[in-house]
Amino acid sequence: MNTALDFSEIDGGMLAEVGGKAANLGELTRAGLPVPPGWVLTTEAYRQVADGLETGGEGLAERARRHLLQAPVPAAVHETIVKHYAALGPDVPVAVRSSATAEDLPFASFAGQQETYLNVVGAEAVVEAVRRCWASLWTDRAVAYRESNGIDHAAVRLAVVVQVMVDSQIAGVMFTANPVTGRRRETVIDASPGLGEAVVSGAVNPDRFVVYSREILERHAGDKRLAIRSLPGGGTERVETTHDGLCLTDAQVLALAELGARVEDHYGAPQDTEWAIDADGTLWLTQARPITTLYPLPETTREGLRVFFSVNVAQGVMGPITPLGLSAFKLISGGAASLPGYGPADPLDGPPFVSVSGQRLWLDITTAVRSRPGRAILPRALTLGEARTATVMERLVEDPRLSLVHTSRRPFLRALARFAHRVHAPSRVLMALTRPERALAYAARLGGELDKRLQVPDSATPAQRLDHAERMLAGTFPTIISIMPIVITGYGLFALASKLSGVPLAEMQDVLRSVPHNPTTEMDLELWALATRIEPEPFKELPVAELVRCYKEGGLPPVAQREITAFLDKYGHRGVAEIDLGVPRWSEEPAHILGVLANYLRMDLQQDGGADLAPAALFAKGAEQAQAAIAHVVTQARRRARWRGAVARFGLRRTRKFAGLRELPKFYLVKTLAAVRHSLFAVGEHLVGLGVLDAAEDVFFLDLREVRAALGGGDLRAVVAERRAAYEQERRRRHVPRVLLSDGTEPEALAVAAADGALIGTAASAGTVTGVARVVLDPVGAHLEPGEILVCPSTDPGWTPLFLTAGGLVMEMGGAMSHGAVVAREYGIPAVVGVPDATHRISTGQEIEVNGAAGTVTLM
């Protein structure tokens, strides 16, 4: 049991033990920052009670609070509190505040989860407030917060800070970075008369000030109708006020901003602080904690303001990527960059425009934003795949800090020419126009050649496996991207048909329904067909975990065992978040596929439409609608001129032949990643044998250089454990910006939100549907009843089995040519993509209307 300590006596070891605000404020004292005098720190006696509690279960919080409030304060602790309190003077008002070891963490602030008691007067009152602070570790909200952040209840400890009260005339909070836009060094101050509790608790509309580079950018007066003030003899009261105007002078605002800058410099990170100004005008810092909601800045060595685009958001992978997955992507992108002539000196480094932040991938697109060709091409390209990002880009070009610097088109044209030459674009386009079947055969032949190249002999050494993996990662993209000139030809003819006919592209989307040669669509339809052939009984009766066990042990009925194995032989390289080399594939963890099959087999398609609801029937119906749409466009073109009709028909037939190939390069790339993963898993087993790792899968928490170095021996288990913990923390991050500036600004946060009841996005698949929303954040184990509207952050091919029963689709990410939009059109599902905060603003069970032509979602 530790006794109370004067704050100035805390040494480094004690700081490490208690963590949280206590540690922060101790450092501030020694740094010479204006912290109130007379601080006292006590560690709690509650652990003798808490250690005997269960770490979960109903009533945990209430039972823990009851035990702590009933337990006597140990005599030694009582004596020390009284002694140190008396040393402050007679009946000095103090604040009694919590400081938990799970507080002020890099990924979770725990702000307000434990209790604070203000203006406590008298020794016994202080002792009782300390006891109540201990008990507040087990408030319902604190327990729920720890649960949501994956923190073990039994591992948390709580100390109490006793602080001399500042009789504040004005108080509030200050962020040293803008918590809404993310802009670093832009100080945001909220202020109100009285104690800061009014601002912190949200009980008052405070004045707001925004400061950047010693300039006050904004002054906004709140109504400040309430103030919390200290009462003589202890306690506080809430009083109504009629304070007109601003409660801080410009000089005080600038002094606060300067103090915030000093605190941030001391900790090396943006801070969320509380402050107070007393009757003498003295400014006090009463609390400092890191701002945990800011997205970390991408790595860059380039000067000036940079613009970063999220690869994760574009690919629908919101979670982090494993270290080996990041390393593999750098190698892949290095191979891609070599095509236009910008390959890195060391392929393992990746090109300079690839950055990592928050264990996610970012592309530095500053050069494109600041060049004439980039400004012409980038918004158009993003409109097809990531429409919300295109809107952001249109606003960015108005920022004077991102003015044009690359005005010549020659470098761009030279790079484009090199790229076109190396992928044989002219001959591929000619082939697509004149010999379409040969173009399709070429795309299929690439797959066969890739399968051969991916083979690794069982006798290969770990070093040989690593050599092969690096060759495949660096060389596959330049090969498979040669399919894209064929695809672009199809979409180019689609745009040409629009011009010839006068029919807007938005009204031609039915042409793209149910296109052939799309490997993802073929996979989904094959999975459904599989469900119609296998024995239904075990899937209707057993939980998914039991189905997985039966399948792995060969215990499913014969047809099911054989058919599922055949499906996984063909498509088992796929999975959720499949762009990450470190993520298991369906062939390794078939729970998702078996769960989808179980959901299919539990449905009764003989109701509400019968066999017409079967995906194969819907796909065929979509193909009929596509032919009707082609006929309409051709008719409109023919009315202008007969030759226009003929060219439009020719073009749209080519469009339908080649549009589905859009998914093929990624299909081949993911196949490469799966094969490389399998080979590197064997390397991981070798490293386990050397004592370098504990488990073979730990290899995915090393990068490629580290894996090669590890073949010589060593011990990397501590490194892996640290990275696993960081990875798990990042998995809990709910928001990832789609565009981020190097000063921390998230440009999309500057946009005006849609009006209540009208969620605006991008039209992705025509049609209107009203139905019950189902918000899904993770497709694994998710179930969608026929007709329910899928609301999700984004999708990759691992999500698409859910589309087969969805009545509509709403996505937070994506554009008209993003993966989810393409598949939705093919299945004839009304879809709106790029809807900000859809998973937060829509609730499961809520009735919504999706208008896929207008790009709106209406909450009914």
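Helices, in the sense used here, are DSSP runs of type H or I with at least four residues, numbered from the N terminus. By that assignment, Leu 416 is found in helix H15. The model is predicted. It holds 37 salt bridges, some of which are described below together with other local features.

**Nonpolar surface patch**

- Ile 377, Phe 412, Leu 413 and Leu 416 together make a nonpolar surface patch of about 350 Å².
- Helix H15, which spans residues 410-422, supplies the largest share of this patch, namely 3 residues.
- Leu 416 is a member of the patch, and its relative accessibility of 44% places it in the partly exposed class.
- That class lies between the 20% limit for buried residues and the 50% limit for exposed ones.

**Helix H24**

- Helix H24 comprises residues 591-602, 12 residues in total.
- From its first C-alpha to its last, H24 reaches 16 Å, close to the 16 Å expected at 1.5 Å a residue.
- Because 10 of its 12 residues are buried, H24 is largely enclosed by the rest of the structure.
- The buried residues of H24 are His 592, Ile 593, Leu 594, Gly 595, Val 596, Leu 597, Ala 598, Asn 599, Tyr 600 and Leu 601.
- The cover over these buried residues includes H20, helix H21 (537-541), helix H22 (544-552) and helix H23 (558-571).

- Ser 514 is located in the loop that runs between helix H19 (484-501) and helix H20 (519-533).
- With a relative accessibility of 3%, Ser 514 counts as buried, since the cut-off for that class is under 20%.
- The Ser 514 side chain reaches the backbone oxygen of Phe 619 at a distance of 2.8 Å.

**Salt bridge between Asp 743 and Arg 183**

- Asp 743 and Arg 183 meet through their side chains in a salt bridge, with an N to O distance of 3.5 Å.
- This pair links distant parts of the chain, its members being 560 residues apart.
- Asp 743 sits in the loop between strand E17 (739-741) and strand E18 (758-760), while Arg 183 sits in the loop between strand E6 (168-177) and strand E7 (184-193).
- Asp 743 is buried, at 13% relative accessible area, and Arg 183 is also buried, at 16% relative accessibility.

**Salt bridge between Arg 724 and Asp 698**

- The side chains of Arg 724 and Asp 698 form a salt bridge at 2.9 Å, N to O.
- Arg 724 is partly exposed, with a relative accessible area of 32%, whereas Asp 698 counts as buried at 8% relative accessibility.

- Glu 730 and Arg 733 meet side chain to side chain in a salt bridge of 2.8 Å, N to O.
- Glu 730 counts as buried at 11% relative accessibility, and Arg 733 counts as partly exposed at 23%.
- Elsewhere, salt bridges that share partners join Arg 183, Glu 186, Asp 399, Arg 401 and Asp 743 into one network.

Notes
Residues are numbered from 1 along each chain as its sequence is written. This is a predicted model: local features need pLDDT of at least 70, side-chain atom pairs count only at pLDDT 80 or more; totals for chains, interfaces and linings use all residues. Side-chain values use heavy atoms; hydrogens and water are left out. Helices (H or I, at least four residues) and strands (E, at least two) are DSSP runs, numbered from the N terminus. Buried means under 20% relative accessible area, exposed over 50%, partly exposed in between (1.4 Å probe, protein chains only). A polar contact is a pair of N or O atoms within 3.5 Å; within protein, one must be able to donate a hydrogen and the other to accept it, and residues adjacent in sequence count only if both atoms are side-chain atoms. Patches are made of residues with over 30% relative accessible area and no salt bridge: like charges are joined within 9 Å, nonpolar side chains (Val, Leu, Ile, Met, Phe, Trp, Tyr) within 5 Å. Accessible areas come from the Shrake-Rupley method with a 1.4 Å probe; for residues, only the protein chains shown count as cover. A salt bridge is a side-chain nitrogen of Lys or Arg within 4 Å of a carboxyl oxygen of Asp or Glu. The expected span of a helix is 1.5 Å times one less than its number of residues. Contact means heavy atoms within 4.5 Å.
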